[in-house]
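Visitor: Before we start, I would like to know where the labels come from. Please set each value beside its cut-off and then conclude.

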There are 4 protein chains.
Amino acid sequence: MVLENAKFSPAVSTTDTTPTNPHDVARCILRRAQIDAMPGVAKVHFLNDNARRTNKSLGDATGLTGLGVHHVEIPVGAESTEYHLHHHEDECVYVLSGRALLTLDEQTFELESGDFVGMPAGGPAHVLHNPGPEPLRCLVIGQRLTHDVGDYPRLGKRLYRNAGQWNLVDLVHVVDPKATPGSTVGNK
Amino acid sequence: MVLENAKFSPAVSTTDTTPTNPHDVARCILRRAQIDAMPGVAKVHFLNDNARRTNKSLGDATGLTGLGVHHVEIPVGAESTEYHLHHHEDECVYVLSGRALLTLDEQTFELESGDFVGMPAGGPAHVLHNPGPEPLRCLVIGQRLTHDVGDYPRLGKRLYRNAGQWNLVDLVHVVDPKATPGSTVGNK
Amino acid sequence: MVLENAKFSPAVSTTDTTPTNPHDVARCILRRAQIDAMPGVAKVHFLNDNARRTNKSLGDATGLTGLGVHHVEIPVGAESTEYHLHHHEDECVYVLSGRALLTLDEQTFELESGDFVGMPAGGPAHVLHNPGPEPLRCLVIGQRLTHDVGDYPRLGKRLYRNAGQWNLVDLVHVVDPKATPGSTVGNK
Amino acid sequence: MVLENAKFSPAVSTTDTTPTNPHDVARCILRRAQIDAMPGVAKVHFLNDNARRTNKSLGDATGLTGLGVHHVEIPVGAESTEYHLHHHEDECVYVLSGRALLTLDEQTFELESGDFVGMPAGGPAHVLHNPGPEPLRCLVIGQRLTHDVGDYPRLGKRLYRNAGQWNLVDLVHVVDPKATPGSTVGNK
């Protein structure tokens, strides 16, 4: 070991005493009353007029960028989104209050407060419906990857998301060069 | 447009009628009673003997791989982990029941049921303590990145995690070649 | 610093004297004569019958997985690929021998031995043509990302590559939900 | 299929006739004479005073960001870098002129013009030495990942690179919490 690390600067100062602003760290916290008081954003899914929800992004409000964390309220009779699946992003739901009819691969299950649903990337298509009588409130959490592919099986559509660009196509227009007989398509 | 897509195979079969096994999709659901009945894993943090929790990985149980989603129960008097921050992974906590004393950058806040804390990558160091009198139960959610760096500021330690390898060092032994006067260290 | 690293195992053994097999490390080397003797793979681009080349993957042969490194030979009169651009992957070419007509965004440039072309992700569409009289030989190097989008502007086609799945569509069938007037499409 | 894509805007305008500036696309090209005329950057490795090279980044000059592509000239008697390996980035070398003594895992091989060396991530440690009598010129290409770990086995040092931050440590100070007997350290 011929070289001494002593010639290099330390990576972390041991004399850094900069006080943190209490206001700054407090911004990481959203109390129940603050969440209740957030106006939220009224969202209608771009492919489903009955997918209506009030969305409060707890993650955005506290500075998260790599996780989407949403407090979602779905009125009686409405759906959470258009029935869909993600090929690359994991998603999950935790029910806070109300009841939900969850459809997974066209099979329906009833959910209530305290129930959890994990929706692995590439897994079953899913949608929530609120059968009433109360508003359905849940936490919806998802990865935020730079690249994802989503399917809307009931509409025969596929959505490619790449670095913020959204491309929507009908699945009947999508072909697979690798699956074609005689293809020599390979790796770059 | 000289070439017809008609020569290629469709990417998605429109005649695929394979029925999904109802048992398989039901594995995505964990009902409240099932979560209560999970034995959980007793965890003690490798750097803090008083960081004791019962951990139920809701994400692992339902097939998630890109998100860590945990139902965590912390007994009275114990802490959630060793006081730490992640440089690259976002984390967040939603309190389900009980009370918590949350420390963020050495400032303490009291939390209760329905409160949310977002801990952005690179953000304030954090730890939860359960002051009693009940068990503290919360959801803890985090990214699962291939690469991360974590700091334990009270112990002066840094943990490098790369593709499953964990390397722990004392910060006094870490130097920064780029910060060194006269350095010409650059991009590859 | 209340905790001693001494209780942990070292990350790297200092007594590991396993000898490396000389045959194994020699596999990283391809000498000029070995490259010449490789049979190569005759490739015709799946969208262009005149894009004919003999491809020797120097990277694959030496165990690289994150970089594509190819020795490419293009016969007189043929093209390198179908005219295209990558939205997310960088590519570059170094001419070893012969002459090339390089088209960049429909402008043509003549290249010869020792010339270099960098094709940044999202940059100009490109293709090489060998005007003769000799075979054109070059090194072609590219990123191998898990996700990419490629365009074939002369054919009006787009190729989405995600984790090994290839989806080809005609651009006339691709719509942008975010660009639609009145859209409230947002981040997850 | 209840919803028509016709309500959405096309993703790619078919009437976009913006002419590309010829000057702009020409910046992707570096001719042999231009490469020869580049002054280059004199680099000395921060851990090895005899690792002296003139570095011309062909990739940077043409706008590449995801690939490092360098024309490197090493004077007689000098080395390319400090003997090292990357745990996560692939690297490779193509010899343009001169001779090289390549050391791979402490075994030495002679290289000359037209020889190629692939250095897979995690593979053998490597360094080039120029035994003369001419300058050694080669192309050196590497991935540019956000996160990497590099080892300098002759110096017993490890370099962690994360999002531009460089942390250098002596391997004797690195411990592995997961390898420790009795450890229950697990996934997040």
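Guide: A residue is buried if 20 or more other C-beta atoms lie within 10 Å of its own, exposed if 12 or fewer, and partly exposed in between. Keep in mind that this is a predicted model.

Visitor: What makes C:Glu106 partly exposed?

Guide: C:Glu106 has 13 other C-beta atoms within 10 Å. Exposed needs 12 or fewer and buried needs 20 or more, so C:Glu106 is partly exposed. C:Glu106 sits in the loop between S8 and S9 of chain C.

Visitor: What is the phi of C:Glu106?

Guide: The phi of C:Glu106 is near 65 degrees, which is positive, and the residue is not a glycine. Most residues other than glycine have a negative phi.

Visitor: Why is D:Asp105 called partly exposed?

Guide: D:Asp105 has 18 other C-beta atoms within 10 Å. D:Asp105 has a positive phi of about 45 degrees, although not a glycine, and lies in the loop between strand S8 (99–104) and strand S9 (107–112) of chain D.

Visitor: How do you know that S8 and S9 of chain C pair?

Guide: Two strands pair if there are at least two bridges between them. Strand S8 (residues 100–104) of chain C and S9(C) are joined by five bridges and run antiparallel, so they pass the cut-off of two. In one of these bridges C:Leu101 has C:Glu110 of S9(C) as its partner.

Visitor: What makes S9 and S11 of chain C edge strands?

Guide: The open sheet has three strands in the order S9-S8-S11 (chain C), with antiparallel pairing. Strand S9 (107–111) and strand S11 (126–129) each pair on one side only, and they are the edge strands. From one strand to the next the twist averages 25 degrees.

Visitor: What joins S14 of chain D to its partners?

Guide: Strand S13 (residues 147–152) of chain D is joined to S14(D) by six bridges, and the two run antiparallel. Six bridges also join S14(D) to strand S15 (residues 165–170) of chain D, again antiparallel. At least two bridges are required, so both pairings count. D:His147 has D:Asn162 as its bridge partner, and D:Tyr160 stands opposite D:Asn167 in S15(D).

Visitor: Which residues between these strands have a positive phi?

Guide: In the hairpin of S13(D) and S14(D), with four residues between the strands, D:Gly156 has a positive phi near 65 degrees. In the hairpin of S14(D) and S15(D), with two residues between them, D:Ala163 has a positive phi of about 50 degrees.

Visitor: Why is S14 of chain D called mostly covered?

Guide: Five of the six residues of strand S14 (residues 157–162) are buried. Each of those five has 20 or more other C-beta atoms within 10 Å, because that is what buried requires.

Visitor: What makes the bond between C:Gly132 and C:Pro133 stand out?

Guide: The peptide bond joining C:Gly132 and C:Pro133 is cis, with omega about 10 degrees. Most peptide bonds are trans. In chain D, the bond from D:Gly132 to D:Pro133 is cis too, with omega near 5 degrees.

Visitor: How do you know what relation chains C and D have?

Guide: A rotation of 180 degrees, with 0.0 Å of shift along its axis, superposes chain C on chain D with an RMSD of 0.0 Å. That is the relation of a two-fold axis. In chain C, C:Gln143 comes closest to the rotation axis, at 3.7 Å (C-alpha).

Conventions
Residues are numbered from 1 along each chain as its sequence is written. Chains are lettered from A and ligands numbered from 1 in the order in which they are written. This is a predicted model: local features need pLDDT of at least 70, side-chain atom pairs count only at pLDDT 80 or more; totals for chains, interfaces and linings use all residues. Axes are lines fitted to C-alpha atoms, for helices over the stretch in contact, and angles run from 0 to 180 degrees between N-to-C directions. Copies are superposed by least squares on the C-alpha atoms of residues with pLDDT of at least 70 in both.
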